[in-house]
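Student: I have the model open. Can we go through a few local features?

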Amino acid sequence: MGKSRFGRRLWGTVGVVSLFIAACGGGSTSSSGPASAVPATQDPNAVAGGTFNLGVWQEPSSFLAAGITDSLTFSYLIDSPVTEGLLWYRSANETSSAKSLADYWAPDLATEVPTTANGDVKTSGCANAKASMCVTWKLRQGVKWHDGSTFGPTDVCDTFQMFFLKYGLTNNNPTALLSTSGWDQTIKCTADATAYTATIDFKSIYAPYLGLGSGTYGILPASVLDKALAGNADVEKQMNTFDFTSANPAAFKGTSTLDLAIDGTGPYVFQSYTQGKEIVYVINQHYWNKDHQPHIQKLVFKIEADLTSEVNAAKAGDVDMAFDMRLYNLQGLITASTASAPKIKVQTIPDSGAEKIDLNMCANDGTLCDNPAVNKNPYTADLTIRKAMLEGINRQAIIDNQAAGKTSIPRDAFMYLGIEYIDDPSIPTTAYDKAGANKLLDGAGYTRDAACGNAPDGQPYRKFKDGTCIKVTIGTTSGNPSREATEVLVANDLLAIGINVATPYANLKSGAFFGSFADGGPLYTHSFNLGMYTNTVSSPAEPDGWYPAYHADCGGSCPTENQIPSTANKGNGQNTTGTNSADIDKNFDLGRTSVDLAQRTTAYKAIEHDLAAIIPEIPLYQQVTVDSYSTKLQGLRDNDLVWDYNSFDWYCTGGNCQA
């Protein structure tokens, strides 16, 4: 599949497939002014002290799984208190009315967000004559890695060397990187120790540039990379000698690999990792950010056996915070949080994406899907039927039934979720109208026919224009009670408008449901009719993250950019629905190759209008992350991408974290 940093929320092992998508600012914004780090949000009365236990029910395979060798949601969570990047995340309330991509990022190891407006981004006049675009990062001085070395321009350039500049052209990188997308647009990194800058040269204009090197584990230490690059070694498996005691005498000192130990610049320092049991961090006693000095003395990530164990531990107060506990546990957690003398509070965070149903349109794809004709369902490829499905599914009932009313129905195109500046109120939100859906189908001549059998309400199912009976399959990830209950509600609504839904449902374990093209996964081989899951963008406010979900071959003129998985492109891409629109492709290409914010915004809004007209998927509701936390915890702020992004602001009432 195309390695786009854009995630499908799974049940079981969470796999977020990753392309380092980013952001750009084409005009003056609040973030591109004077240099500043994350805005000060700390309570001046915060009390220091305490040990905070964080429950995690999925253990990452490596600390480098936070966007380097993989992209696992829980790896970002675990790495975030220790590692940093050029830019850092902002809270959801700070970005709710954001007007620019740059407004979603705060300076971190860089001192400002580079834009064309502040002169840090140039599309002409670069010192390197071969560069079509150059980005100069002004770096923060006085920052120490936990191993005692000084952060500087070499760390930035070494990171770019590791991802692409040294190995990219020969494709023999000894480190098994998840992706080099985005990094592969770079041609040179120039470290200037005097000016304390790193300048990145790009072979073409590349609008999603801000995410390269930003966020959790955005930059790796040169103290490790210099050795790996010199010896052509695997960064993940290379043995290193670490001494983090200059940051805290209780921190780790010894030899390890980067998959089992973690070196950063953040507010917490790695102490120990007992696989299958716990990961322990201690406070960085010399953290560089004076506006965000950490208070809690120790963070302990406790690895739970499974989600049920984590939910029970949270309710009992055995862990002080628990993450991603899924909608079907929400009501039970709310009940626990409202009992007498509760130990927990519940946090619900709207995600940058939706729980939705893919509709297979491959029968109209122009052969791009490359799957056997038997799988090219003509019914889901029919626009009238897709419209009737959208209108005939009672999405508010699903929200009330499964989400305790804690979310909402998106517009008919949902790319704008978490990317507020491309929200267009003129895009409709189709209302539930069973009578209207039936009228649509009747008007298209898809009449009810006794030969097709009867629905539970006694009315016959419908026949298609070719005389065949309309029948579809639906599938999702098995073992997720919320999804399975939603599936029943969806199927019953479709039965009520005369569309026969096959039983048993085509549910699979998450690994099989999201299996790759090569492994025969139903989504990527297009061997499904209706497929239900969640898509979320995993980099702040970058619409280019949706490129692999909708881009095709530009009407035949850009076959190498086709994101519809097929034999021809070796299964590349995440365009599982077979969306094939030259206009959509043109606007995605415009958004990717322009640094003009207004032009990019116009392009993405045009895409949303086209998607709302085509209906390749039915957005059911904006997805919600369900967390719980101790009633003693203070300073928590919401971010849907990295749930503990502001651990530096946390403190416990009275310095005691246990309720």
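Tutor: Start with Thr534 and Glu355, whose side chains are joined by a polar contact of 2.3 Å. A polar contact is a pair of N or O atoms within 3.5 Å; within protein, one must be able to donate a hydrogen and the other to accept it, and residues adjacent in sequence count only if both atoms are side-chain atoms. This is a predicted model: local features need pLDDT of at least 70, side-chain atom pairs count only at pLDDT 80 or more, and totals for chains, interfaces and linings use all residues. Residues are numbered from 1 along each chain as its sequence is written, and side-chain values use heavy atoms, with hydrogens and water left out.

Student: Where is Thr534 placed, and why does Thr534 count as buried or exposed?

Tutor: Thr534 lies in strand E19, residues 530-537 (strands, E, are DSSP runs of at least two residues, helices, H or I, of at least four, numbered from the N terminus). Thr534 counts as buried because its relative accessibility is 0%; buried means under 20% relative accessible area, exposed over 50%, partly exposed in between, with a 1.4 Å probe and protein chains only.

Student: New topic: how does strand E13 run relative to E2?

Tutor: Parallel, with six bridges joining E2 (residues 51-56) to E13 (residues 298-303). Strands pair if DSSP finds at least two bridges between them. Phe52 stands opposite Leu299 in E13.

Student: And which way do E12 and E13 run?

Tutor: Antiparallel, with five bridges between E12 (residues 278-283) and E13. Here Tyr281 has Leu299 as its bridge partner.
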